[in-house]
Amino acid sequence: MATKSIAKKPARSTAEKTAEVMPNLQQYPHETQRYGEIVKLPNGLSEKVCKESVALLNQCLADTITLRDMYKKHHWQVVGPTFNQLHLMYDQHFLAQVELVDILAERIQLLGGIAIAMAADVAETTRIARPPRGREPAAVQIKRLAEAHELIIIEARDAAEKVDETGDSGTNDVFVSNILRTNELQVWFLTEHLVASSPVKS
Ligand SMILES: [Fe+2]
């Protein structure tokens, strides 16, 4: 019985072989989707509803990224008799906020939107007051964090009601189960350090 022979590829030069695996860095920046635009996905929600939810989620995302970073700033800069306790608690809260950032950003993307991401864009968007670059007393750190939490809590409750009215139950769940619950809990842990008998004073 005759055996079939497999045709061999013609020999190629080293330059031809290299070209196949060489990364092409001749790429020019251009946006394939503008910030604020929606790519409609088959999720049973209208483009208008997705757009409204994405706008609310992006505001909350910018504020959550800011709060997350404020926790790290205070984690590094805290001093005083409660250093260890606050240093550790700030980092625990930071890690929970990292998770919230990802939940918010991915909710935005799955609604067909674009999540705000870079520091400069976040700084332009957040409503949380900018802290100084320098160190502040622990009590002031806590007050500043508590105010940021409250801003996000009020925003999340308001956003939860709005998306409930438009029928976006998934986003409502993110605002209530993730954002609201986590921030309320962290306010409790945080503000207990400011009771009258606390060694934390400004
Ligand atoms: Fe650390």
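Visitor: Why are helix 3 and helix 6 called roughly antiparallel to each other?

Guide: Helix 3 (residues 83-110) and helix 6 (residues 169-191) pack at about 170 degrees, and angles over 145 degrees count as roughly antiparallel. The two helices are therefore roughly antiparallel to each other. The angle runs from 0 to 180 degrees between N-to-C directions, with axes fitted to C-alpha atoms over the stretch in contact. Helices here are DSSP runs of H or I with at least four residues, numbered from the N terminus.

This is a predicted model, in which local features need pLDDT of at least 70, side-chain atom pairs count only at pLDDT 80 or more, and totals for chains, interfaces and linings use all residues. Residues are numbered from 1 along each chain as its sequence is written.

Visitor: Which residues of helix 3 and helix 6 meet?

Guide: Among them are Met89, His93 and Leu100 in helix 3, and Thr171, Asn178 and Phe189 in helix 6. Contact is defined as C-beta atoms, placed from the backbone, lying within 7 Å.

Visitor: What makes helix 5 roughly antiparallel to helix 6?

Guide: The axes of helix 5 (residues 138-166) and helix 6 cross at roughly 160 degrees and come within 9 Å. That angle makes helix 5 roughly antiparallel to helix 6. By class, their contact has 15 nonpolar, six polar and three charged residues. Here Ala, Val, Leu, Ile, Met, Phe, Trp, Tyr, Cys and Pro count as nonpolar, Asp, Glu, Lys and Arg as charged, and the others, Gly among them, as polar.

Visitor: Why does Asp63 count as buried?

Guide: Asp63 has 23 C-beta neighbours inside 10 Å, so it counts as buried. The cut-offs are 20 or more other C-beta atoms within 10 Å for buried, 12 or fewer for exposed, and partly exposed in between. Asp63 belongs to helix 2 (residues 47-77). Leaving aside residues up to four places away in sequence, Asp63 touches Thr126, Arg127, Ile128, Leu151, Ile152 and Glu155. Across the protein, 30% of the 202 residues count as buried.

Visitor: How many helices and strands does the protein have?

Guide: Six helices and zero strands.

Visitor: Why is the protein called more spread out than a compact globule?

Guide: Its radius of gyration is 25 Å, well over the 17 Å that the globule rule gives for 202 residues, so the protein is more spread out than a compact globule. The radius is taken over C-alpha atoms, and the rule is 2.2 Å times the number of residues to the power 0.38. Along the principal axes, the C-alpha atoms fill a box of roughly 95 × 45 × 40 Å.

Conventions
Two residues are in contact if their C-beta atoms, placed from the backbone, lie within 7 Å. Angles under 35 degrees count as roughly parallel, over 145 as roughly antiparallel, 65 to 115 as roughly perpendicular and the rest as oblique.
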